[in-house]
Amino acid sequence: MRAARLHSFGQAPTIDEIDTPTRAAGQTLVRIDAAALGHLDMTIASGKFNVRPPLPHIGGTDGAATVVESDTFVPGTRVLVRGGGIGLTKNGCWAEYLVAADKAFTPFDAGLAPEVAATFFLPSTTGYVAVNDVAKVCPGERVVVSGASGAVGSMAAQFAQLAGAGEVIGIVPRPDQVELLPAGVRPVVGRGAELAKELGDGPIAEVLIDTLGGDCLPPLLERVAPGGRAALIGYTLGTELTLDLPNWLLSDVQILPVNMIRKGARQAELAPELVDRLVAGEVRLAVQQFPLDQIADALRLMREGKVAGRAVVVP
């Protein structure tokens, strides 16, 4: 079978021809139909994370697959692939076939396309938790979402709308990202000093959902209304934040972490509801597909912020 394997940390994976794995008791063999490309995958591949799998390593923590052989699932069953160390300490979904413990597979609604099934879990659960569990958006509140054209940001913006937000403002660093915003979201383009100028003076929202970090975050925090909340999810534009403590204390804005690593049980609880909403079209997830042999290009485009929604490879 073909697999995208990492041979050196910090380098792009290469496509190798290797033996198809065989299963043992308590394991299931699946054919991968679609495999997600996520920032966690890139972090692991960097070698700078505290999780360092043995090399060569097949990445990919999330996927959608069809059961080939199993004592638990009927062959042909469509399953989500996640958990059990897949893509972290064990080989993942960037391959044509995968063997893993039965508990790593969950049947899903056949009405959900494989490319969406492979990619929905993290952005949809993260967006939902950020809006409803962490920031606790109330009807009528104004919500600003940075990176609202991305997968997580787009889901957060849509869940804010469903929560009854009075207005949702979507921050995007580049003009070409405006067309990727969910319907009904008001766009603001820029970052750093340019963004600060575009936002003007004074508060613009009671809630901030930030997926970007970097130079977008300080001007956005300054424009959260006194007593408001800021839920911080990501750091694609930078990992550091400097606060002027006297003015931050005066603003009384809560800064709340969205740590999904600690919310596995909540994610599992939400997944069936979110699948139903995706199938019904209540929320939408943009997906850009790549053939498996173009995975290096896909990862590069992700780093450059040029992927429309979630990236997925199709073996």
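Predicted model: local features only at pLDDT ≥ 70, side-chain atom pairs only at ≥ 80, totals over all residues.
Three strands make up an open sheet in the order β2-β1-β4, and their pairing is antiparallel. The edges are taken by β2 (14–17) and β4 (57–58), each of which pairs on one side only. Strand β1, covering residues 2–6, runs antiparallel to β2 and is joined to β2 by four bridges. To pick out a pair there, Arg5 has Thr14 in β2 as its bridge partner. As background, strands in a sheet pair through backbone hydrogen bonds, in parallel or antiparallel fashion.

Now over to Thr66, which sits in strand β5 (residues 63–69). What does its side chain join up with? There's a polar contact of 2.7 Å between the side chains of Thr66 and Asp33. Leaving aside residues up to four places away in sequence, Thr66 touches Leu29, Val30, Arg31 and Asp33, along with Gly76, Thr77 and Arg78.

A search of the whole structure turns up zero disulfides.

| Residue | Relative accessibility | Class |
|---|---|---|
| Cys138 | 38% | partly exposed |
| Cys216 | 0% | buried |
| Thr66 | 11% | buried |

Why is Thr66 classed as buried? Its relative accessibility is 11%, and buried means under 20%. Cys216 counts as buried because its value is 0%, whereas Cys138, at 38%, counts as partly exposed.

Terms used: Residues numbered from 1 in each chain as written. Heavy atoms only, no water. Disulfide = S-S within 2.5 Å. Buried < 20%, exposed > 50% of the residue type's maximum accessible area, 1.4 Å probe, protein only. Helix = DSSP H or I, 4+ residues; strand = E, 2+ residues; numbered from the N terminus. Polar contact = N/O pair within 3.5 Å; in protein donor to acceptor, adjacent residues only side chain to side chain. Contact = heavy atoms within 4.5 Å. Pairing = 2+ DSSP bridges.
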